[in-house]
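Please take a moment to look over the sequence and the model below before reading on.

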Amino acid sequence: VEPISLGLALAGVLTGYISYPRLYCLFAECCSPKRSLSREALQKDLDSKLFGQHLAKKVILNAVSGFISNPKPKKPLTLSLHGWTGTGKNFVSKIIAENIYEGGLNSDYVHLFVATLHFPHISNITLYKDQLQSWIRGNVSACARSIFIFDEMDKMHAGLIDAIKPYLDYYDNLDGVSYQKAVFIFLSNAGAERITDVALDFWRSGKQREEIKLKDMEHALSVSAFNNKNSGFWHSSLIDRNLIDYFVPFLPLEYKHLKMCIRVEMQSRGYEVDEDIVSRVAEEMTFFPKEERVFSDKGCKTVFTKLDYYYDD
Ligand SMILES: Nc1ncnc2c1ncn2[C@@H]1O[C@H](COP(=O)(O)OP(=O)(O)OP(=O)(O)O)[C@@H](O)[C@H]1O
């Protein structure tokens with residue numbers, strides 16, 4: 001090919017990229033995703049992947065699809081996920097992220113903070129505050145539909161939570177930046193004991209867990225339930241000011257749910273499901289309360305490493 005034609009062809013392609021951002025977005029990740037969120041796809045993902053969480057499924061499906069399809073939300077979406085360890089809070093955040101951005105948690109527009117990892121020292125709190133605020137501001141300026149996930153929220157310093165509070169509120173814009181399309185997801189174990197008490201009451205009275213209604217969890221997720229001295233989240237005025245849109249309870253997982261998690265893992269490793277191994281791995285887990293052994297004390301969290309023992313070839 002002669003150099004002049006090649007140059008012209010290249011210039012053509014480049015102008016194409018510059019003047020047609022949509023074309024560019026076919027090849028690279030963009031803030032406005034290639035496909036809009038599909039309620040059906042999110043529902044399918046939640047139904048097929050998330051076990052034993054009928055309440056969380058329903059709230060998340062309605063909250064997320066409603067928010068994303070609203071062209072002019074009045075405030076950012078704020079979800080607070082509560083429950084025992086290993087019950088699917090991080091897992092659901094991943095599903096939400098994947099349904100909004102193809103890259104899921106690896107997307108440039110999805111940001112995960114872990115309190116003990118990113119903000120470990122109380123003495124640095126002023127520095128963390130500044131960094132966190134400029135991180136949020138910078139990312140939302142670059143992409144209004146940014147997703148921020150805060151794990152271990154109950155271990156986060158109250159001052160730090162207060163620092164993000166303005167971004168969760170009903171402002172049209174703050175210093176020229178609008179935060180109304182952003183999504184904030186807070187994860188914590190706060191309230192887990194009370195959620196478990198409700199689930200245990202249902203189990204003891206012979207009722208199906210699917211009969212538990214959000215209303216039954218109201219007290220477990222009320223301000224007074226969280227108001228303990230060790231929980232930074234609840235010191236702050238997030239709740240008082242009604243900045244959290246949805247409190248989402250995650251129920252403790254039972255033996256049958258562990259088996260479901262184990263089967264999925266076997267399949268994802270390319271093994272045929274062996275029911276004998278499934279039961280043996282599930283039985284190795286520990287359950288509570290001591291007498292009745294109803295709920296797994298680590299949820300589905302460690303079943304995967306236990307599986308290694310049976311397949312170390
Ligand atoms: N309800 C569930 N349905 C299907 N898989 C689950 C469920 N809960 C947990 N898992 C599996 O267990 C893994 C660990 O769970 P996850 O990290 O979501 O727990 P968590 O609730 O965030 O726990 P923690 O409070 O300790 O952070 C997930 O990646 C997923 O594979």
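In which loop does D175 lie? In this model, which is a predicted one, D175 lies in the loop between α8 and β4. The residue has a positive phi of about 50°, although D175 is not a glycine. A positive phi is also found at E152, where the value is about 60° and the residue is likewise not a glycine. The place of E152 is in the loop between β3, which covers residues 147-151, and α8. A further local feature is the cis peptide bond that joins F288 and P289, with an omega of about -5°. P289 lies in the loop between β6 (287-288) and β7 (295-296).

**Helix packing**

Two packed helices are described by the angle between their axes and by the distance between the axes.

| Helix pair | Angle between axes | Distance between axes |
|---|---|---|
| α7 (residues 125-142) and α8 (residues 158-168) | about 25° | 9 Å |
| α4 (residues 54-69) and α5 | about 30° | 12 Å |
| α12 and α13 (residues 275-284) | about 125° | 9 Å |

For α7 and α8, the angle of about 25° falls under 35 degrees, and the two helices are therefore roughly parallel to each other. The crossing in which α7 passes α8 is right-handed. On the side of α7, the contact is made by I125, Y128, K129, L132, Q133, I136 and R137, while α8 contributes G159, L160, A163, I164 and Y167. Sorted by class, the contact of α7 with α8 has eight nonpolar residues, two polar residues and two charged residues.

For α4 and α5, the angle is about 30°, which makes α4 roughly parallel to α5. The crossing of these helices, α4 and α5, is right-handed. In this pair, I60, V64 and I68 of α4 meet V92, I96 and I100 of α5. The residues of the contact of α4 with α5 divide into six nonpolar, no polar and no charged.

For α12 and α13, the angle of about 125° makes α12 oblique to α13. Here α12 passes α13 in a right-handed crossing. The residues that make the contact are Y255, L258, K259, I262, R263 and M266 from α12, together with E275, I277, V278, S279, V281, A282 and E283 from α13. By class, the contact of α12 with α13 divides into eight nonpolar residues, one polar residue and four charged residues.

**Pocket and cavity**

Rolling a probe the size of a water molecule over the atoms shows where empty space is left. What is the volume of the largest pocket? The largest pocket has a volume of about 590 Å³. Its lining is formed by 25 residues, and of these the closest to the centre of the pocket are G86, T87, G88, K89 and F91. The elements that give two or more residues to this lining are α5 (89-100), β4 (183-188) and α12 (255-268). The largest share of the lining of the largest pocket comes from α12, which gives four residues. By class, the lining of the largest pocket has nine nonpolar, eight polar and eight charged residues.

How many cavities of 30 Å³ or more does a search of the whole structure find? The search finds one cavity of that size, and the largest cavity has a volume of about 30 Å³. The residues that line the largest cavity are P76, P166, Y167, D169, Y171, N173, L174, V177 and Y179. Of these, Y167 is also one of the residues through which α8 makes contact with α7. The lining of the largest cavity divides into seven nonpolar residues, one polar residue and one charged residue.

Definitions and conventions:
Residues numbered from 1 in each chain as written. Predicted model: local features only at pLDDT ≥ 70, side-chain atom pairs only at ≥ 80, totals over all residues. Heavy atoms only, no water. Axes fitted to C-alpha atoms, helices over the stretch in contact; angles between N-to-C directions. Parallel < 35°, antiparallel > 145°, perpendicular 65-115°, else oblique. Left-handed = near helix turned anticlockwise from the far one by under 90°. Contact = heavy atoms within 4.5 Å. Nonpolar A, V, L, I, M, F, W, Y, C, P; charged D, E, K, R; others polar. 1 Å grid on protein atoms, 1.4 Å probe; cavity = no way out; pocket = protein on both sides within 12 Å on 5 of 7 lines; lining within 4 Å. Points joined across faces, edges and corners; volume = space filled by probe spheres on them.
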